[in-house]
Amino acid sequence: MQAEISALEQNHTWIIMDLPPGKTAIGCKWVYRVKHKADGSIERYKARLVVKGFTQTEGVDYFNTFSPVAKITTVRLLLAIAASKNWYLHQLGVNNSFLHGDLSEEVYMLLPPSFNSSTPNKVCKLQKSLYGLKQASRQWFSKLTSALTSLGYIQSSSNFSLFVKKDVASFTALLVYVDDVILAGDNFDEIARVKAFLDFTFRIKDLGDLKYFLGLEVARSSAGIHLCQRKYALDILSDFSFLACKPVKTPMATKLPRDASAELLSDNTLFQKLIGRLLYLPTITHLQAAYRVLRYLNGCPASGLFFYASSSPVLKAFSDSDWAGCPMARRSVTGYCLFYGDFLISWKAKKQTTVSRSSSEAEYRALASTSCEIQWLRSLLRDLHLPIFGPTALFCDNNSTLQLAANPIFHERTKHIEIDCHLVHEKVQSVVIKLLPCSSKDQLANIFTKALAAVPFQIMLSKLGLLSIHSPA
C-alpha cells in the first residue's frame, strides 16, 4: 500500500485542495491481489488504489470510455506468422499503466483510506488517470498510441490495438491488450529500441520471450509454436472438483433432450459461475451439459494448436450450418473456421438471429458471416504487410447455397433473405472469395455446428491441427 501511494505521488497523480462549491468527490478503496506465474507459483502481492467509478456522472466527470483491446484472433495470427517467419517474440508489461493517462475532465476524489494527511478535510483533484475511473483505459490507450506513433509506428485500421513499423532493414509488430504487450519482429535491435523507449516513457517490466499471454501458454521450439490453455483448464476443473472425474471423448452428447419439461435448478449460482453469465433460465439438463464439458476437458487439458515453422501463406475457410438445430427456437447454428496456411486461427459457433426456412438459407447466412471474417483477416494481413493475392477459397457442402451465391435470384424461397446476406455474391464477383464445393465428411466446420460421435469428432480435431505436447494431467 505504501509503495502504491509513493508511486502515485511521484507520478503527480493528484493535488490536494479544497473541494470547489457545487462539485462532488468520488470515493476510493484498496484492492488486493496475489499475482501468479505461469506455473501457478506466487510471483508477488499487490495492493492497488481504485476509484469508485460507478459513482461518476456521465457528462460531468467522464464522457467517452471506449478503449480497443487486441482480439484473440489477431494474437493467433501474429503467432502463426512469427512461427513461419522465425520472428522474435517478446512480452512486456507496463507498470501502473492507467496512471499514465492524462485527464481532460475535472475529477475530485476523497483521500485514500489509511492515508495520513495533515489536512484530512481536503480532497484530491486528479491530474492523471486512476484505476476504476470509467475513462481510465481510454486515456491510457490514447497516451500509448501517441507515444508509438511518435516512434514511427502505424496503427492498424483493422485492429486498433496493433501497431506496425516497416523499413528497409526490419519489420516489427506491437500488439496491446491493456497493459500487456507482445513484440514480434525480425530485427532484435529494433525490439530492444522500442523496449528502451517504452521503459523511458512509461516504465515497463521486460518479461523476455513470450511464454504466457491472456491465459495462453506459449511453448516454442525449432519445430514451431504450441498454444494451449492447460493451466486455465486445470484451474476450472479444480474449482468445480472435477479433477478426479471420468473423462469423456466428446464435449457434447449426440442426442440432447428437449428442455420444455426439464426440471429447473433450485439455485442458479453454480451454473452462473461455470458458464460465466446467465444466458437462459438453466435447467438440470443445462447443468449436466456444462458438466460434460468439464469431463471432456479432464481428458485433454493440454490440447492446443501447433503452428509449424514452415507453412504456406494461404488463407482458406470452411463454412457450415446446422439447420433448425435449436429444438426450442428452431434457429440454425452458424459455424466456420479459417486457416492461414496450415494454422487454425479463427473459428466461431453461434446461433443465427432469425429462423431459416430451408437448409440453403441457413447455409447462405453462414457464408455471409464467414465472408465478413475473411474480409477482415485479409485487411489485417495487409496491415501486417502480408497481403493475400487472389481470392480466398471458401468451402461449402451445400450445392443449392453455392448456386444461390453465384446467382442471387429473388424468388419465393429467397426474396425474404436480408440484403446484407447477399454480400456473399458481391465478394464472389469482386474476387475476394472463391466458393468451392466439398463433401460433408471433409467439411471441417461441421464440428462447430453439431454434436458429433467420438470417432468423427476425433477425426475432425486432428484435421483442425489440435495436439498436446504435455503428458496427461
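Reader: Hi! Which residue is the bridge partner of H90 in β10?
Author: In β10, H90 is bridged to L183. Strands here are DSSP runs of E with at least two residues, helices are runs of H or I with at least four, and both are numbered from the N terminus. This is a predicted model, where local features need pLDDT of at least 70, side-chain atom pairs count only at pLDDT 80 or more, and totals for chains, interfaces and linings use all residues. Residues are numbered from 1 along each chain as its sequence is written, and side-chain values use heavy atoms, with hydrogens and water left out.

Reader: Thanks! How many bridges join β4 to β10?
Author: Six, and the two strands run antiparallel; β10 covers residues 180–185. Strands pair if DSSP finds at least two bridges between them.

Reader: And what about β4 and β11, how many bridges there?
Author: Four bridges link β4 with β11 (residues 204–209), again in an antiparallel run. One of the partners in β11 is K205, which is bridged to G93.

Reader: Why is β4 described as largely enclosed?
Author: Six of its seven residues are buried, so the rest of the structure largely encloses β4. Buried means under 20% relative accessible area, exposed over 50%, and partly exposed in between, using a 1.4 Å probe and protein chains only.

Reader: Is S97 buried or exposed?
Author: S97 is buried, because its relative accessible area is 0%. Leaving aside residues up to four places away in sequence, S97 touches Y131, W140 and D179. Contact means heavy atoms within 4.5 Å.

Reader: New topic, helices! At what angle do α2 and α8 pack?
Author: Helix α2 (residues 72–85) and helix α8 (residues 359–383) pack at about 50°, and their axes are 12 Å apart. That makes α2 oblique to α8. Axes are lines fitted to C-alpha atoms, for helices over the stretch in contact, with angles from 0 to 180 degrees between N-to-C directions. Under 35 degrees counts as roughly parallel, over 145 as roughly antiparallel, 65 to 115 as roughly perpendicular, and the rest as oblique.

Reader: Which residues meet there?
Author: From α2, T73, T74, L77 and I81 meet E373, W376, L377, L380 and L381 of α8.

Reader: What about α8 and α9, how do they pack?
Author: α8 and α9 (residues 399–406) pack at about 60°, with axes 9 Å apart. S360, E363, Y364 and L367 of α8 meet S400, T401, L404 and A405 of α9.
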